[in-house]
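Please look over the sequence and the model below before reading on. The paragraphs that follow go from side-chain contacts to helix packing and then to a distance across the chain.

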Amino acid sequence: MTLVTTNPEEASAIIRSGGIVAFPTETVYGLGADVFNEEAVAKIFEAKERPQDNPLIAHVADLGQIEMLAKDIPAFAVMLIERFFPGPLTLVLNKRSEVPMLVTAGLDSVGVRMPRHELASEFIRACGTPVVAPSANLSGRPSPTTWQAVVEDLNGRIDCILQGEATEIGLESTVVDCTGEQPVILRQGSVSLEDLRAVVSETVKTAEGSEDERKSPGLRHKHYSPRASVRVVEMVDDMLADGAYIGIDAPDVQLVFTKVVSDAEAYAHELFEFFRECDRRGITTIYCQTVAEEGIGAALMDRIRRAAYG
Ligand code: TXA
Ligand code: MG
């Protein structure tokens, strides 16, 4: 049985005794375990049916915990930490030998993130250890942005859900590789290329299909997808009436399910829950309107394209 609680102390006791707990963050819900407990970490892969070659992000409550996970942190990474932690940014750093290989899928690096979500921080602090956590969905499904979405995918497969509000941002964190000469964005998120360049001007984005992109194993796997087929549309004329639509402009045609959002932030906040709702309604085609690729729009279009083209 999966316990649902609003009490971070109660949830942290389950982590300390080797269990796995879903918890809210400002991006999406995560599925957590004690980073140093390999048996617990193995339960995450099992519950999610996650491929073992996809490394996990370790979540910390304070800067001191970063030292438990990473070493030889370059000066530019320290600058990014100072500016963006706590927040929706994951840094890939050289790992300490104490971090189990199961966490990092055999890599010498470890992803580290400090959520700014208050309940998440309280929970991680109470765990007394960094908490390793992928998104709390079944592998291949859209990341959960509500605790009910976690129930939908993982009820009975995990020990506990720490219940919070719907997540604020709705897309996963920006992932930046800091193991080379300069920061390299492996996964886009609400911390944009422009934001990163304002702190470290040398920051680059991986070209699709490049060597660097292959460094982020998660990007090799199919992601963020509803069961419905996703179509990317500029405007809204050639859509079929039995489809669903999400976008900033209201469509001219009547569809079975339409969500009009006010801006790119609201679009990001709604996207994954919209995908899930379409699946619940048995909708087979989803039309997603394009947005300008600036600010969170870049990450949003990245997720929409992955859902559409795999
Ligand atoms: O916002 C988020 O990042 C959420 C919340 C729960 O923190 N977590 C999340 O985890 O999205 P997950 O496991 O669904 O995605 C982690 C991504 C994957 O694409 C993975 O390949 C990449 O981060 N990653 C993790 N560790 C890495 C490493 N050492 N080197 C390269 N990529 C890494
Ligand atoms: Mg995920």
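With which side chain does the side chain of Glu172 make a polar contact at 2.8 Å? In this predicted model, the partner at that distance is the side chain of Arg303, while the side chain of Ser143 makes a polar contact with the side chain of Glu172 at 2.5 Å. Glu172 itself is placed in the loop that runs between strand 8 (160-162) and strand 9 (174-177), and because its relative accessibility is 4%, where under 20% is the cut-off, Glu172 counts as buried.

We turn next to a pair of helices. The axes of helix 1 (residues 8-16) and helix 6 (residues 118-127) come within 8 Å and cross at roughly 45 degrees, and helix 1 is therefore oblique to helix 6. The crossing of these two helices, helix 1 and helix 6, is right-handed. On the side of helix 1 the contact is made by Pro8, Glu9, Ala11, Ser12, Ile15 and Arg16, and on the side of helix 6 by Leu119, Glu122, Phe123, Ala126 and Cys127. Sorted by class, the residues in the contact of helix 1 with helix 6 are seven nonpolar, one polar and three charged.

From C-alpha to C-alpha, Tyr309 and Gly128 are 41 Å apart in space, and in sequence they are 181 residues apart.

Technical notes. Residues numbered from 1 in each chain as written. Chains lettered and ligands numbered in written order. Predicted model: local features only at pLDDT ≥ 70, side-chain atom pairs only at ≥ 80, totals over all residues. Heavy atoms only, no water. Axes fitted to C-alpha atoms, helices over the stretch in contact; angles between N-to-C directions. Helix = DSSP H or I, 4+ residues; strand = E, 2+ residues; numbered from the N terminus. Parallel < 35°, antiparallel > 145°, perpendicular 65-115°, else oblique. Left-handed = near helix turned anticlockwise from the far one by under 90°. Contact = heavy atoms within 4.5 Å. Nonpolar A, V, L, I, M, F, W, Y, C, P; charged D, E, K, R; others polar. Buried < 20%, exposed > 50% of the residue type's maximum accessible area, 1.4 Å probe, protein only. Polar contact = N/O pair within 3.5 Å; in protein donor to acceptor, adjacent residues only side chain to side chain.
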